[in-house]
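Colleague: I would like to go through a model feature by feature. Please give the general idea each time and then the case at hand.

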Amino acid sequence: MSDPATKDPIRVTLKKLIQHSKANFTADDVLKEFRTVKEKRNNRKLLKILEILAKNQHKALENLQETAKLLEKKDPFYCLINFLNYYSDVNIMQSMRKKELVSSTPFLSKNMLDASESVSEIKERVVQAASGGLSRLSQNNNAIVSLGLLAPAPLSLSSSNNITAVASATNTSTTTSLGNAALYPAVKTDHTPDSLWEFHNMDNFQFQQSNIAAIPINSQENLLLYDLIYCLTGMRGSYITPIANIFEGDSVGRAISIKFMVSEQIHSSFRDIAQEILPLASHYTCIQKFIQKTTFTQCSQVLQALSEALNNLIHDYYLLLAQLEAELNAGNLTLHKMLFYVRPTLNTMEVLAGAVSLIKDLHGGHALTLLFNQISALTGDEESQRFMIQLTQRAAVPYMNILQLWIQKGAINDPQQEFLVEDNEVIRREELPEHYSSDYWEKRYTVRRERIPCFLEKVSDIILRTGKYLNVIRQCGKKVTLPQTMDLQFSPTSQNHIAVIQNAYRFASKNLLEVLLKENDLMGHLMSVKRYLLLQQGDFITEFMDACEEELAKNVDKVLPMKLENLLGLTLRLSSAKHDPYKDDVHCELLTYDLVTQMSKIMNNEEEYWLSHDRLDLNGLECFAFRYEVKWPVSLVLNHIAISKYQMLFRQLFYCKHVERQLCKIWKENSIAKKFSPQAAELYRSAFTLRQRMMNAVQNLEYYMMVEVIEPNWHLFIQNMNKVENVDEVLSFHQDFLDSCLKNCMLTDTTTLNRSIFKMCNICLKFCEFIQSETSLAPTDTFSERVKRFDLEFTALLIGLLKQINDVASDNPSDRFINLVHRINFNSFYNEQMDKLCAKDALMTHR
């Protein structure tokens, strides 16, 4: 007679501990507690039982601490076996493993488990053998709602009383997740999560095969049925074995398929039927491999949700196997019946296995796109399409939760980097450099196109803008509260989620516009910028130039910025600008480069433009510009790029205004020529004529820029601002206004017009210096020759400018360049020179 501990070492060890601790419960009571279903389980109670059993035992505290940690991860029954191993005379785990390997299949034992434990037994054996005793906690503690993956009518509740009892019992037992039950620890293997569910890798089980050919046909069928049920749980059978390393499948959409070989001793008719059923085992294994991979790797939340949804469906698959086993034990199951029962499930599992094979390593929106496309591909197969819709909806839950937080609060909680919007913020806004506001709108949040689900592709742009708007509102210190509760859920059969997104967008857009236009008076700031940087406030500009002319005439290194600031403040309060509430936002700035350099840098978006440079040999006038400072969130619109564009317009207008003032000054000073004799005054006539031509060119250039370019574009900008619906339109209209003004004022780097204007203005200033220095001298031939040289040089530059404007206007007829030509050459005075220059250029081109 064998040692009783070999037969049941668990009960023997329990009885020994109970006797030693004088506990008032039995071994059956302990086993019952440790086999309790998850919903009724209390880990504290289980640990209390073990504490009583370990009373006065060696290293009791250490063993209890280890078991407490193990209970958080493992199945309680496995923890109990591990605990009893410390006090057993034999190795309980090895003893149970040997006992497990005595028979060919778990269903051939004469001491069969009752029907209520069939599903749990199947799951325990699958996980124990396949994952080496690993288990994981269920991510959903709610009872599993059946999704209808059961067999057809013959296995319904009305089929037989036997099956009704099984179904009722198994609904309770299947509420525990697959990975939660690991009854027996497995032999240590080096298998990776990818290979845990491959039949041919399960080499630590050796099954005995009897000479089945000598058994009657009916008995062969029963043995084959037991073997089939065993294979459908993901385990090798006695007479059904996988063909090692042979897989069918590809990346185009077919699921990876494992081929099986049925023993030649089985009757050929049975083998054929079995081969029709066995693909179900392959599909089940493919799904389990996917679930296992998402469990043991850091995958995206979408794949984790999909894995949980598949896990719930697998519970119905286990219920089907329990029903089949119950029918087999009752003697009511044949191979033909089994094929009939599993055929609907076979079709559904094939679809699911195909979907998970396609997903592989995809993340986030890409995975959802694939699932969504599978729904369309299953048109005509209503049952499979229904399952795919349910899977897609459940897989989309975490993605839609991230989306809801984004369009509801303007915040992103995306630890796995799978959401369509990427937050590029690395430090707090307060710590960023001064030019952050301009880059904020374009660079802080960006869309990752590869992460957009196809069902959100059309609204991806407003999704991005909605969160950006809310984020700005939050950074302004305002609380974001939606007027109604948001319930964002994805449904492939409706467009409700699109309506929710659009409503959130309208809310965010309206609120941010109110923050900018009403609370922060954006239009008031823009009007103030126009007054000072576009020279609209005429009296202020005149008084400021009178006050600062002497200081700005110095070399830029000798100009005192503090003196300019004081003169600016004084001028603002003496002119009509004193009524402007934003006049204190205007400041003086001495740039380190001339206008031509600034234009080139900003148009090419060169980063070094924003870095400091050594000053060139320039005077204060050439480096001077106004600077306008605003706070957040107005700085989103009036950012450093926009202010730089305003400064470019200001510097050209300011320089032309300075040239005009110098020409007017020599006109006043030259009134002494009235006292000259007619012969002497004759020599000055050419100088006065040249001065008038210079004045005409400069004044018409100013008029063109201010009246024909800036004012019409500003009027159009105001019209557009009166009907804006979101901040993106505000930014777009403002940028269009500035770009149009820069282009028509010849301040883009695509032409050399600005350089020609700058050279022409310099000639005018040199002429003014010459006239002022020669006023007190007697007229001589040298004076006339110098005036003639100035005349030739100015005429050549002006003719070249007019020709360039004509060329540009012919290429861009919609622009206003040609108006400047008509104004300067109003009486066709320069036509002959322009024709000669054109003919000369044509001749050079021909040569």
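Colleague: Where is the place of P633?

Modeller: P633 sits in the loop between β6 (624-628) and α26; helices (H or I, at least four residues) and strands (E, at least two) are DSSP runs numbered from the N terminus. This is a predicted model, in which local features need pLDDT of at least 70, side-chain atom pairs count only at pLDDT 80 or more, and totals for chains, interfaces and linings use all residues. Residues are numbered from 1 along each chain as its sequence is written, and side-chain values use heavy atoms, with hydrogens and water left out.

Colleague: What is the peptide bond from W632 to P633, cis or trans?

Modeller: Most peptide bonds are trans, and most residues other than glycine have a negative phi. The bond from W632 to P633 is cis, with omega near 10 degrees. K22, in the loop between α2 (9-21) and α3, has a positive phi, near 60 degrees.

Colleague: How do helix α3 and helix α4 cross?

Modeller: Two packed helices are described by the angle between their axes and the distance between the axes. Axes are lines fitted to C-alpha atoms, for helices over the stretch in contact, and angles run from 0 to 180 degrees between N-to-C directions. The axes of α3 (residues 27-34) and α4 (residues 43-53) come within 10 Å and cross at roughly 150 degrees. That makes α3 roughly antiparallel to α4 (angles under 35 degrees count as roughly parallel, over 145 as roughly antiparallel, 65 to 115 as roughly perpendicular and the rest as oblique). V30, E33 and F34 of α3 make the contact with K45, L46, I49 and L50 of α4, where contact means heavy atoms within 4.5 Å.

Colleague: At what angle do α14 and α16 pack?

Modeller: Helix α14 (residues 335-359) and helix α16 (residues 382-395) pack at about 40 degrees, with their axes 9 Å apart. They are therefore oblique to each other. In the contact, N347, T348, V351, L352 and A355 of α14 meet E383, S384, F387, M388 and L391 of α16.

Colleague: Which element gives the most to the lining of the largest cavity?

Modeller: A cavity is a set of points, on a 1 Å grid over the protein atoms alone, where a 1.4 Å probe fits but cannot get out; lining residues have an atom within 4 Å of a point. Here α26 gives the most to the lining of the largest cavity, with five residues.
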